[in-house]
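This briefing is for a reader who is opening the structure for the first time. Please keep the sequence and the 3D view at hand while reading.

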Amino acid sequence: MPQIFHRSANTIARVSIYGAVFILAGLGYLGWRVNFSSYYTNVGAHEPQPVPFSHKHHVSGLGIDCRYCHVSVENSSFAGIPPTHTCMSCHSKIWVNSAMLQPVRFSYATDQSLAWTRVNALPDFVYFNHGIHIHKGIGCTTCHGPVGDMPITWKANTLYMRWCINCHKHPWRYVRPRQYVFSVTYKPPPDQNALGRRLVKEYKIKDATQITDCYTCHR
Amino acid sequence: MSGKEKPQIPIDLAAVRSALEKSGGKRMWRGLDDLAGSREFQDFRDHEYPYDDPKSRLGVSRRDFLKVAGAATTLLGLTACTKLPVEKIVPYVNAPEQIVPGHPLFYATSMPFQGYGTGLLVESHMGRPTKAEGNPGHPASLGSTDIYAQASLLDMYDPDRAQVVLREGHVGSYSDFLDLLKGLRAEHLAKKGAGLRFLTETVTSPTLADQFHDLLTQFPQAKWHQYEPLARDNARAGAKLAFGEYVETVYHFDQADVVVALDSDFMASGPGAVRYAREFANKRRVTGPDSTMSRFYAVECTPTVTGVQADHRLRLKSGDVEAVARSLAAQLGVKVSSVVTAPAGIPAGWIEAVVRDLQNHKGACVVVAGDHQPPVVHALAHAMNDILGGVGKTVTYTGPAEANPMDQVQSLRDLASDLDNGAVEMLVMFGGNPIYNAPADIPFLDKLKKAKLRIHLSLYDNETAEYCHWHIPAAHYLESWSDARADDGTVGIIQPLIAPLYNGVSAHEILTVLQGQEGRTGHTIVREYWMKQKPGANFEEQWEAWLEKGVVADTALPAKKVALKLDFDTSGGGGSKPGGMEVVFRPDPTVWDGRYANNGWLQELPKPISKLTWDNVASVSPTTAQQLSISNGDVLKVSLGGRSVTAPAWISVGQVDECVVLYLGYGRRRAGRIGTGIGYDAYAIRSSDTPWFASGLQVKKTGDTYKLVTTQHHRIMKENGVETEIESRAAFQRGVMRVGTLEEFKQNPDFAKNPPDETTEAKSLYPPYNYKVGYQWGMSIDLNACIGCNACVIACQAENNIAVVGKDQVSKGREMHWLRVDSYFQGDLDQPQIYSEPVPCMQCENAPCEYVCPVGATVHSPEGLNEMVYNRCVGTRYCSNNCSYKVRHFNFFLYSDWNTPSLFGLRNPDVTVRSRGVMEKCTYCVQRINEVKIKAEESNRTIQDGEIATACEQVCPTKAIVFGDIIDSGSRVAKVKGQSRDYSLLADLNTRPRTTYLAKLRNPNPEIKE
């Protein structure tokens, strides 16, 4: 009986079987990359906002404290988005005719809220609490990135669970002295690990088994 | 009512009796199905969810589906890869004071129920009321509530509430209505109000009473009628009979060593019930062998929450209770006019023993007459309390808390006759639903049509609204200003938590228009009334304090000295009423008089003892059932005085023979999408002269059957342990419900203890957790305090966003209540002891559920909780299959309502609303634990004992549930668990549950042999 396939078919078969591993791995890698791409995570994306509010200008330029606007950040789960009144406490005196601020004035005059686009969102089954993180010495910029350099606010981190867990497992890598929590210029010192371990003890940050427990965030 | 469902297999009661006799009196049983060993009972006992549909509606079996789905699993996995939706953040323009997003606020208010107020602290999240808690400073609450206060939140958000003004059935305008009222005011002023009638339910509100007073001064010929179907006419008439005036009777069960209840359900219904339950439990709280307990005798026809707590429970026809009262009274030395013959069915010496017990505790005993008993029984009870020296100690009298006490049935009769005479030109009804619930001999619909103008204000467009010219949506109590008195007279201001969802208005606001003071808001009306009552420079300060505390200071009515009339007992009679079948009318234990028919929480809440859901029944005793060959679900035609109704039968163990109990509140024709058309309407045969019981009932089987759904045999824990190789264990009884008498307890304080070898950490194959550090949460449930009132079940439902599943799903065992209350019976069918046992998740230290989850969706926390992680759960149901206590609940469908906008506001934002395909269970209210834990850490301290209260613990009227840190030796829970009565359920499995129980104790009178 004559051979149906040429001998070279063996090579093709070998390559395609062997290649399948690479193709599958490649697809997996692609999926992985998509999962962490800014397309998918929105990291670095500039969301359209009713007013192009600049943290860079207000925080770094003018030196306004985070808590001037995000009033409940120290003692509530929700940091708080300022009411229009807070904006108008300054903008009734300065930039009163700015076209950019028209939506703010409109909101104040008509008692209709501004609708900001949420930049840092967590799924509804995650119960994050700002207050306890502030209290334990986690700075704003640790999660929200270099807010002082943001002319328009963007998401600086994926906020994925693996990202959360990374800190909950190794809090000493990220914790900073309480007095620098609201600092946007804070840079971790070269001996961060030593400082971190000291602060973890001082601030009574619980060990990983406690703070990686599911009910810490999910319920 | 027709029998569409497949017939249930009748239980052979004779066989059940003989089986029960053989097993001896000690056996604990879970109902007739248990004794009969019915197929359904076995299925529910031995299988997790026995009645899964083998084929779906598409005709595909689960197995086939999985084969196909298996191929697509990888693709299905991609559905997890959704991008988060873009959300908006909408801040305030001007932030209101005090509101901090993320922190709930609590406002004090009062919930009016049958007129009487219960103080509440209502939790509000950003302006949305989400949960009611009791107000510890309010005398009718003491920090706890009943089921109705918990469920009232759902009522407020009910999408079926009346939403628009209706004018002859079409959408009308409220301003037109106000214009009309103003015109009518002028018209009726000229006629001095002749032809003007008002109909309300019971009113205690001082402000409303003041408005009516002013109105009746302006319109001297107008009349104010009151009617509600479960009014306390007998109690009022009894007081009048005994003292010549209306008085409010306030009991003090914490002062009573002996309590005798004559057909009274004082811990579950009537004003003061929540406080009475607390006082009663406090007097029976046992901490050690030297503790004492009060003794409780109850006489009743069918088991009630209160009655089954009795140390001696005498089942007797309602009509025979009067004879018992007369016998008791006569032997205690009260002058009784008629010759007393004790009715048949009372064990020899029973009454004499009770009398001796009462006389031995003079000044520390109380006799309570039930609202269903005729006035003379109330008068006899007053006389007995007088002669026993209880007045001023165990019972006090005050002036009436009601604003205008009257005989309400008579009031309705008067209104009906005025309507007949054409004397009524304008009838304004504030709340109430007389077309549905008026007595059958007052055909209110025909009469009502004779009024020229009919105006109805109510929460729902109900049966009565249908026949009114104007229907005005009422504001819920959480949306309006008002005030209400508790039974002791204490006034609580009702303040709104939210603006009316559907532009509802209150009675105050309509009355003020008729008063000619249009434009006053509810707030102004209530505030100005109290300014008049308590004037002074510091009024504003006082007002703020009242609002904050929930009670108006010094408004409790002072104790009143009353003189017993000696000749009150003028009626002849006495003894038994004519024989034959007796009918007894009772409010439904969950939907009450029908006002909660559209409340899904209350419909699905298993009724105490019978555990029936979604229906009302005609209950009969086992003996009567045998005589008439009735089994559960047989449709009966019951006729009384020429009227009849068909009702499904239910065999109620512990009920008196020759008696049918009909439950009111069902058979609504216009309740809403939940309440319409379920159950039968017992009002159809309830007449005004025998509103509570009557004899001469005709009972006939129609031959149809009706599917009743009870959870009584769901989630059964096996009483017999696994037979092990150890011989002595073969006949091992687990004692899931452990009961002893006080005497036994004193002799052997450890009678309920688990054998120590049963629960050792060393026996576990798994590596132990370190339970010596941090907080270790645990719970103790005192079965001696628990009365099975269900408040915990519904509080849990409100706190944890638990879904309602409907009758069909409940019949398959798919009810979602994280906390269930099991009924246990002991003794014979006719006169069993009945016990209640609340079962939440046990939070086992060696939890069977955790080891079997393939995806790690249920894991152990360092604080000892079995965590259920919804976002990991893929719905294998292995955990629930392996749960020894059957406390896990699976979302077979999308049970939570994700579509109705008004219900979104109700949800607790701190708890995930579960989707389909997810397992759920009790979490020990972890959202409350975390909240307090974070608060404590932020202020650098540890959590104080009592700072965290689970929803069930907080609501419990008897404080049977205690939660806390078990390794803190000073905590309440550690102390309670240290008691010798502490035991674990199914301890032989070595699950080491964190939830443990204190054994139930009884305190029987040694003189009475049973």
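The points below go from the contact between two chains to details within each of them.

The model is predicted. In it, 37 residues of chain A are in contact with 34 residues of chain B. Within chain B, four strands form an open sheet with parallel pairing.

**Where chain A touches chain B**

- The side of chain A that touches chain B draws two or more residues from each of α5, α6, β1 (116-117), α7 (130-135) and α11 (208-211) of chain A.
- Of these, α7(A) gives the largest share, three residues.
- By class, the side of chain A that touches chain B has 16 nonpolar, 16 polar and five charged residues.

**A helix pair in chain A**

- Helix α5 (residues 84-91) of chain A packs with helix α6 (residues 102-110) of chain A at an angle of about 115 degrees, and their axes are 10 Å apart.
- The crossing in which α5(A) passes α6(A) is left-handed.
- On the α5(A) side the residues are Thr84(A), Cys87(A), Met88(A) and His91(A), and they meet Val104(A), Ser107(A) and Tyr108(A) in α6(A).
- This contact of α5(A) with α6(A) has four nonpolar, three polar and no charged residues.

**A helix pair in chain B**

- Helix α9 (residues 233-243) of chain B and helix α13 (residues 375-387) of chain B have axes 7 Å apart and pack at an angle of about 55 degrees.
- Because of that angle, α9(B) is oblique to α13(B).
- The crossing of α9(B) with α13(B) is right-handed.
- Among the residues that make the contact are Ala235(B), Gly238(B) and Leu241(B) of α9(B), and Val376(B), His378(B) and Ala379(B) of α13(B).
- The residues of this contact divide into 10 nonpolar, four polar and no charged.

**The open sheet in chain B**

- The strand order is β13-β12-β11-β14 (chain B).
- β13 (312-315) and β14 (365-369) of chain B stand at the edges with a single partner strand each, so one side of each has no neighbour in the sheet.
- Neighbouring strands of the sheet are turned by 10 degrees against each other on average, direction ignored.
- Strand β11 (residues 258-262) of chain B pairs with β14(B) in the parallel sense over five bridges, and Ala261(B) stands opposite Val368(B) in β14(B).
- Helix α12 (residues 350-360) of chain B packs on this sheet and touches β11, β12 (295-300), β13 and β14 of chain B.
- The direction of α12(B) makes about 135 degrees with that of β11(B).

**A hairpin in chain B**

- Strand β4 (residues 116-125) of chain B and β5(B) pair in the antiparallel sense over six bridges.
- Leu121(B) stands opposite Glu133(B) in β5(B).
- The hairpin of β4(B) and β5(B) has two residues between the strands, and Met126(B) takes a positive phi near 50 degrees there.
- Strand β5 (residues 128-134) of chain B is mostly covered, with six of its seven residues buried.

**A buried lysine in a loop**

- Lys611(B) lies in the loop between α20 (600-604) and β22 (612-613) of chain B.
- Lys611(B) counts as buried because it has 20 C-beta neighbours inside 10 Å.
- Leaving aside its neighbours within four places in sequence, Lys611(B) is in contact with Pro606(B), Thr710(B), Thr711(B), Gln712(B) and Ser823(B).
- Lys611(B) and Val709(B) are 98 residues apart in sequence and 8.4 Å apart in space, C-alpha to C-alpha.

Definitions and conventions
Residues are numbered from 1 along each chain as its sequence is written. Chains are lettered from A and ligands numbered from 1 in the order in which they are written. This is a predicted model: local features need pLDDT of at least 70, side-chain atom pairs count only at pLDDT 80 or more; totals for chains, interfaces and linings use all residues. Axes are lines fitted to C-alpha atoms, for helices over the stretch in contact, and angles run from 0 to 180 degrees between N-to-C directions. A crossing is left-handed if the near helix is turned anticlockwise from the far one by less than a right angle, and right-handed if clockwise. Two residues are in contact if their C-beta atoms, placed from the backbone, lie within 7 Å. Ala, Val, Leu, Ile, Met, Phe, Trp, Tyr, Cys and Pro count as nonpolar, Asp, Glu, Lys and Arg as charged, and the others, Gly among them, as polar. Angles under 35 degrees count as roughly parallel, over 145 as roughly antiparallel, 65 to 115 as roughly perpendicular and the rest as oblique. A residue is buried if 20 or more other C-beta atoms lie within 10 Å of its own, exposed if 12 or fewer, and partly exposed in between; C-beta atoms are placed from the backbone. Two strands pair if DSSP finds at least two bridges between them.
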